[in-house]
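Hi,

Here is the structure I promised to pass on. Have a look at it, and then read on for what turned up.

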Amino acid sequence: MSFDDDAYGALTDHDDDARWAYGTGFADPLAGVPTAVPGDVDRAGLTAYCLMLGDDALVMSHRLQQWVTRAPELEDELALANIALDLLGQARLLLARAGEAEGAGRDEDALASLRDAGEFRNVRLAERGDADFAHLVARLLVFSCWRLPLLDRLTASRDPVLAAIGAKGVKEVTYHREYAAQWVVRLGDGTDLSHRRMQAAIDAVLPTAGELFETHEVEARLAAAGVAVDPAQLRPEFDEAMSQVLRAGTLTGSSSAARAGRGRDGEHGPELDEILAEMQELARALPGGVW
Amino acid sequence: MSAADVVATVTDPELPMVTLAELGIVREVRETPDGVEVAITPTYSGCPAMEAIRDDIVSALRDAGFGRAAVRTQLSPAWTTDWISESGKAKLAAAGISPPGAAPRRASGPVPLVLGLRGESIACPRCGCAETERISAFGATACRELRRCPACREPFEHLKEI
């Protein structure tokens, strides 16, 4: 039955697929993508690495979704929802890849919805709440200035799925970075009040960026094998883009190397518990629910 | 009708004025003794229409008498608006959606960061005015941006070049 014939009928008429499923039960985004892991690639390492990049995208996406209905203009609601959707798409691909590499029968739904905070490997930056819109665009700018060169280098990964996710993601995150940068410049170079609040947001967010460039043992091992990206290498490109934006916005700031707890090791703040309580509630209350 | 002909009739769920083939989403249609195998590629990582597209292709093939049909996702090479055919672009324009120009080509090195206005001129699909302005880089779907025409004062959508 097609949607045009009877929209209400179509909603309840899911005989063959989960097209109208909510919560869980979506079709695998990697359906039909060759799933083999190159023979000499360490599967446990690949699993851990895919979780890191996938969790960054998943948690950041959820934080962005929380801004929908709270943004200053309708266009920004659309922009934030679209950016969140791109990141959710990247997360689905990465978590599905993690599940395959792990080989323990966990799919993207299980990994997203049935893990506790201590099993999440996202950087702390992704989970932080935003005090105001300036904090949001500052955080999105830092996140995008870091993720863009990361995905760009991932295109050379020896894992063909990671390379493909990188190639696709670069095009998307280019837009995300531009959106955040234009807001930071507009607020920084705006009124006295907007400048003050934008500077306060940069002062709050940028010092926490140090964790983004700390190389985890898994990243080091996989980077040496040509599979992963060593985040320490991203620093010059990140600094260059950030200073271009801050200069244009008449803002100042430098990121420190200070540690903020290692999200990559599963150490998180109470913010992640809040996010997961909201994000996972339905899937945990009704495991496998489809309607 | 060959399987490829059948697949060529399936339209996009979000942009029903164009077919999936015209959008460049269909990468391969292969008839094998086991059935038909179709490869499609997502426009954006989070494109929520992928499941619907997969279902539409399978049911079109089933309705045309092809028994088994499988749709596989092909991630690489990543989709680009350069794959939209000339007829697809013409249909988009006729529906009031400004079609994409050539996708940006990037030199090696870091992705350049554009602050302020991009140096692009996009014509209004309604009145033809050559210079229009961007309202937002993000529209109703991931692949479209919102623009406004200073001449006829109408807002319109533009399929952004990627």
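In which hand of crossing does α3(A) pass α7(A)? The crossing is left-handed, a term used if the near helix is turned anticlockwise from the far one by less than a right angle, with right-handed used if clockwise.

Before more on that, some ground rules. This is a predicted model, where local features need pLDDT of at least 70, side-chain atom pairs count only at pLDDT 80 or more, and totals for chains, interfaces and linings use all residues. Residues are numbered from 1 along each chain as its sequence is written, chains are lettered from A and ligands numbered from 1 in the order in which they are written, and side-chain values use heavy atoms, with hydrogens and water left out. Helices (H or I, at least four residues) and strands (E, at least two) are DSSP runs, numbered from the N terminus.

Helix packing in chain A

Back to α3(A): it packs with helix α7 (residues 160–188) of chain A at an angle of about 160°, their axes being 11 Å apart. Axes here are lines fitted to C-alpha atoms, for helices over the stretch in contact, and angles run from 0 to 180 degrees between N-to-C directions. That angle makes α3(A) roughly antiparallel to α7(A); the label goes to angles over 145 degrees, while those under 35 count as roughly parallel, 65 to 115 as roughly perpendicular and the rest as oblique. The contact (heavy atoms within 4.5 Å) includes Leu80(A), Ile83(A) and Leu87(A) from α3(A), and Ile165(A), Val173(A) and Trp183(A) from α7(A). By class it has twelve nonpolar, three polar and four charged residues. For these classes, Ala, Val, Leu, Ile, Met, Phe, Trp, Tyr, Cys and Pro count as nonpolar, Asp, Glu, Lys and Arg as charged, and the others, Gly among them, as polar.

α3 (residues 74–102) of chain A also meets helix α2 (residues 43–65) of chain A, where the axes come within 7 Å and cross at roughly 160°. That makes α2(A) roughly antiparallel to α3(A), and the crossing is left-handed. The residues in this contact divide into 18 nonpolar, five polar and five charged. In the loop between α2 and α3 of chain A sits Thr69(A), whose phi is near 85°, a positive value in a residue other than glycine.

What about helix α6 (residues 133–154) and helix α8 (residues 192–205) of chain A: at roughly what angle do their axes cross? They cross at roughly 45° and come within 8 Å. That makes α6(A) oblique to α8(A), and the crossing is right-handed. Among the residues that meet are Val137(A) and Val142(A) in α6(A), and Met198(A) and Ile202(A) in α8(A). This contact has nine nonpolar, one polar and two charged residues.

Chain B

Chain B has four helices and seven strands, arranged along the sequence as α-α-β-β-α-β-α-β-β-β-β. Its C-alpha trace spans about 55 × 40 × 25 Å along its principal axes. One thing to look up is the cis peptide bond between Ser76(B) and Pro77(B), with omega about -5°. Pro77(B) is in the loop between β3 and α4 (86–94) of chain B. Most residues other than glycine have a negative phi, and most peptide bonds are trans.

Where the chains meet

In chain B, 41 residues are in contact with 46 residues of chain A. The two chains bury about 3,500 Å² between them, 58% of it on carbon and sulfur atoms; buried area is the accessible area (1.4 Å probe) that two parts lose on being put together, summed over both. On the chain B side, Leu75(B), Leu113(B) and Phe138(B) lose the most area to chain A, together 22% of what that side buries.

Three salt bridges cross this interface, each a side-chain nitrogen of Lys or Arg within 4 Å of a carboxyl oxygen of Asp or Glu. Arg92(A) forms a salt bridge with Glu51(B), with the closest N and O atoms 3.7 Å apart. Over all chains, the whole structure has 34 salt bridges.

Best wishes
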